[in-house]
Amino acid sequence: MLKPEHLRTLREVIQYGSFAAAANRLGYTASAVSQQMAALERETGVRLFHRSARKVLPTSAAEVMARHAAIVLADMDRLVAAVRQAHRNTEQEVRLGVFPSFGLNVLPGLLRELGPEDRAGFRVSVAEPSQLIRHLGAGGELDAAIVYQVGSSGLSWPSSVHRRWIAEDAFKLVLPRAWPDLAPYAAEQLMDLPWIMHHPSSSDASVLDGLFTRWNLHPRVVGYSDDFSATLAMVGACVGAALLPELALRHHDQDVVVADVQWLNVSRSIFALYLPDRESARLRLLLDALAAARV
């Protein structure tokens with residue numbers, strides 16, 4: 001079995017012309033270099049040097065071996081570097097940002113399914129998508145962020161960031177259970193209801209306002225809320241109706257009715273944003289688990 005250190009020594013001997021010069025370069029003694037070359041000759045069964053009292057001359061076989069050794073040693077260096085990088089990626093802590101309803105309803109279950117070592121490798125920040133994106137990028141505090149977008153406006157991110165789609169999160173009609181049954185929830189049935197709306201400055205509000213306009217609905221607004229838990233509580237208390245994404249309704253109260261309205265046809269796209277040079281094995285494990293879970 002050829003040893004990499006013998007091949008490296010062979011290249012140094014040929015480059016610098018003597019065992020002594022190679023020894024100085026490598027931090028060996030001249031005797032140790034001589035012994036390595038003798039061992040290499042035994043392993044290959046080929047004479048590699050013409051030895052005399054004053055100098056050693058490489059044979060043509062030695063020069064051929066040295067040329068091929070350069071390729072082999074470079075491949076071995078790349079192999080070791082790749083293995084070390086994979087190890088660093090596995091051990092590296094992932095600084096992950098998520099939006100609130102994802103952090104409440106999806107992330108805990110995913111982390112529970114991971115092993116203890118992988119679960120401990122995440123540091124999580126919960127904030128709205130626009131806040132998360134500000135901390136994502138070169139020199140940022142986050143390696144990846146799970147965000148959503150309603151329609152095509154309201155969010156932008158650096159061109160260096162990669163995107164991976166996760167799911168579509170459909171909006172549902174949410175009504176107080178104490179109200180009369182309004183099925184089949186035709187648009188004209190909802191015209192005069194009191195509504196709890198998103199704050200006008202949000203991208204969600206712009207899209208939903210467009211939806212109401214398209215169906216010629218002029219909602220009687222009785223409250224504004226971007227906190228889905230607070231909105232659900234107000235709906236349950238008969239304050240008004242609301243449109244909320246399905247992800248926020250996984251553990252809704254029994255005081256509300258969730259209706260799937262065909263004409264609504266609005267959803268928010270959930271996707272991961274991440275820096276390609278920080279795409280670790282641990283992050284890929286989480287994103288693959290998300291894809292398999294079909295959030």
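Ala, Val, Leu, Ile, Met, Phe, Trp, Tyr, Cys and Pro count as nonpolar here; Asp, Glu, Lys and Arg count as charged; the others, Gly among them, count as polar.

First, the ground rules. This is a predicted model: local features need pLDDT of at least 70, side-chain atom pairs count only at pLDDT 80 or more, and totals for chains, interfaces and linings use all residues. Residues are numbered from 1 along each chain as its sequence is written, and side-chain values use heavy atoms, with hydrogens and water left out.

Now the pocket. A pocket is an open set of points on a 1 Å grid over the protein atoms alone, where a 1.4 Å probe fits, with protein on both sides within 12 Å along at least five of seven lines; lining residues have an atom within 4 Å of a point. The largest pocket has a volume of about 510 Å³, taken as the space filled by probe spheres set on the points. It has 26 lining residues, and Glu128, Tyr148, Asp226, Phe228 and Arg268 are the closest to its centre. By class, the lining has 10 nonpolar, 10 polar and 6 charged residues. Helix α5 gives the most, with 4 residues. Helices here are DSSP runs of H or I, at least four residues, and strands are runs of E, at least two.

Next, packing. A nonpolar core joins buried Ala, Val, Leu, Ile, Met, Phe, Trp, Tyr and Cys residues through side-chain atoms within 4.5 Å. Buried means under 20% relative accessible area, with a 1.4 Å probe and protein chains only. The largest core has 47 residues; Leu96, Phe102, Ile146, Leu173, Trp195 and Leu243 touch the most other members. Strand β6 gives the most to this core, with 5 residues. Apart from it lies another core, of 17 residues, among them Ala22, Met37, Phe49 and Ala62.

On to the rings. Rings of Phe, Tyr and Trp (its six-membered ring) pair if their centres lie within 6.5 Å; planes under 30 degrees apart are stacked, over 60 edge-to-face, the rest tilted. The count is 4 aromatic pairs. Take Phe19 and Phe49: centres 5.5 Å apart, planes at 85°, so edge-to-face. That pair links helix α2 to strand β1, 30 residues apart. Phe99 and Phe102 have centres 5.7 Å apart and planes at 55°, so they are tilted. Those two are buried as well. With Tyr148, Phe99 and Phe102 form one aromatic cluster.

Last item: Glu12, in helix α1. Buried or exposed? Buried, because its relative accessibility is 16%.

Notes
Buried < 20%, exposed > 50% of the residue type's maximum accessible area, 1.4 Å probe, protein only.
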